[in-house]
Amino acid sequence: LLLYHKNTEIDWKAYMDEVEGVVNGTLDYTQLKGDTGPLVYPAGFVYIFLVFYYMTDHGTNIRLAQYLFAGLYLTTLFLVFRIYSRTNKVPPYVFFFMCCASYRIHSIFILRLFNDPVAMAILFLAINLFLEDQWSWGCFCFSLAVSVKMNILLFAPGLLYLLLWRFGLLRAIPKLAICAILQVVLGLPFLVVNPAGYLTRSFDLGRQFLFRWTVNWRLLPEEIFQHRAFHLALLVAHLAALGLFALNRWHRSDESILSLLKDPSERKAPPQRPQVVFALFTSNFIGICFSRSLHYQFYVWYFHTLPYLLWCTPPKTLPQLLRVLILGLIELSWNTYPSTVYSSAALHVCHGIILLQLWYGTASSLDSQKEKQPLKKAE
């Protein structure tokens, strides 16, 4: 994979042009651009790719950049394996598919040199810190990941639930402040020069995506794909799914979910310890399912979470062979270029099956836990 070709990188030259503008003294975000368009990522992206800029002879040493991203890939695998070792849900043979069976992921990391893997590596570091009960440092790393690419916000609803569960509203505010303050500090040089320009460019939630690059909505006519009503319907479905999972799957208590606003010591019936990885991974996956568009590099947004999402439910929910088949079909969909009606439809079917088995599979596990509780009390 570490063979550079003139057509290998896609956005690398644009990234280098964008950060070179900062090197030359341009701090107005509306004036920073590369050959593929304007700079649309937050300030953390600029600082991290400035390091790459200087390490690779102003971005010209592509081979070295590929080696650096190969190291990032191995680091990401280490962080992901560490998460999976804590969950103890996924059988060992599945890790072969994660490491060796995805050409698209290897391409995104090592050949294409996108910023998405950088953001995800930092995100997985944050999750490791959450699992170690290092919530302040975890929030710091989470916010740093957001500052590289905004897709990390798909994990935010799950993180908010976990912070409220762990600390209650008042004690969660300092953790949320860490996230907010870091964004201000990182963006300060650009905010001073043109605050509106920085915020609208780096946190633009209304961006229009090109139909020719979509992986998930090729089965629709382009006029529907671009229609605002379609975008609004996806947003409503996204929020509804998040609400259902928060109320019925993340929250495990006889008390109302509003009890999370109280200090943990003041709750009448403290909720069971939530599954940190489950809340975060499902929060992100729901966002993927209802995304307005998925481009090829976006595969890395959830690829490393798929084994957990497929194997975290009891074996009777889905046969093992079907779980492996779903992994294969998702991989095939992401490797079909350009995407087709059939590849997009297959991707949606696979996503739908995963979402349903997460809903019904975790419901059966919750029921079994409730059945065991009276036995424990009797003992």
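User: Is Glu 132 buried, exposed or partly exposed?
Analyst: In this predicted model, Glu 132 has a relative accessibility of 36%, so it counts as partly exposed.

User: Which side chain meets Glu 132 in a salt bridge at 3.0 Å?
Analyst: That is the side chain of Arg 86, with 3.0 Å from N to O. The two residues are 46 apart in the chain and link distant parts of it: Arg 86 belongs to helix H3, and Glu 132 to the loop between H6 and H7.

User: And what does Arg 82 form with Glu 132?
Analyst: Arg 82 also forms a salt bridge with Glu 132, and their closest N and O atoms are 3.2 Å apart. Arg 82 sits in helix H3 (residues 62-87), 50 residues from Glu 132.

User: How accessible are the two arginines, Arg 82 and Arg 86?
Analyst: Arg 82 is partly exposed at 33% relative accessible area. Arg 86, at 46%, is partly exposed as well.

User: How many salt bridges are there?
Analyst: The count is six. One of them pairs Asp 116 with Lys 149, at 2.8 Å between the closest N and O atoms. This pair connects helix H6 to the loop between H7 and H8, across 33 residues.

User: Are Asp 116 and Lys 149 buried or exposed?
Analyst: Both are buried.

User: Changing topic: which residues form the nonpolar surface patch?
Analyst: Leu 169, Leu 170, Ile 173, Leu 258 and Leu 261 form it, with about 500 Å² of accessible area together. Leu 170 lies in helix H8 (residues 156-193).

User: Why does Leu 170 count as exposed?
Analyst: Because its relative accessibility is 70%, and exposed means over 50%.

How values were computed
Residues are numbered from 1 along each chain as its sequence is written. This is a predicted model: local features need pLDDT of at least 70, side-chain atom pairs count only at pLDDT 80 or more; totals for chains, interfaces and linings use all residues. Side-chain values use heavy atoms; hydrogens and water are left out. Patches are made of residues with over 30% relative accessible area and no salt bridge: like charges are joined within 9 Å, nonpolar side chains (Val, Leu, Ile, Met, Phe, Trp, Tyr) within 5 Å. Accessible areas come from the Shrake-Rupley method with a 1.4 Å probe; for residues, only the protein chains shown count as cover. A salt bridge is a side-chain nitrogen of Lys or Arg within 4 Å of a carboxyl oxygen of Asp or Glu. Helices (H or I, at least four residues) and strands (E, at least two) are DSSP runs, numbered from the N terminus. Buried means under 20% relative accessible area, exposed over 50%, partly exposed in between (1.4 Å probe, protein chains only).
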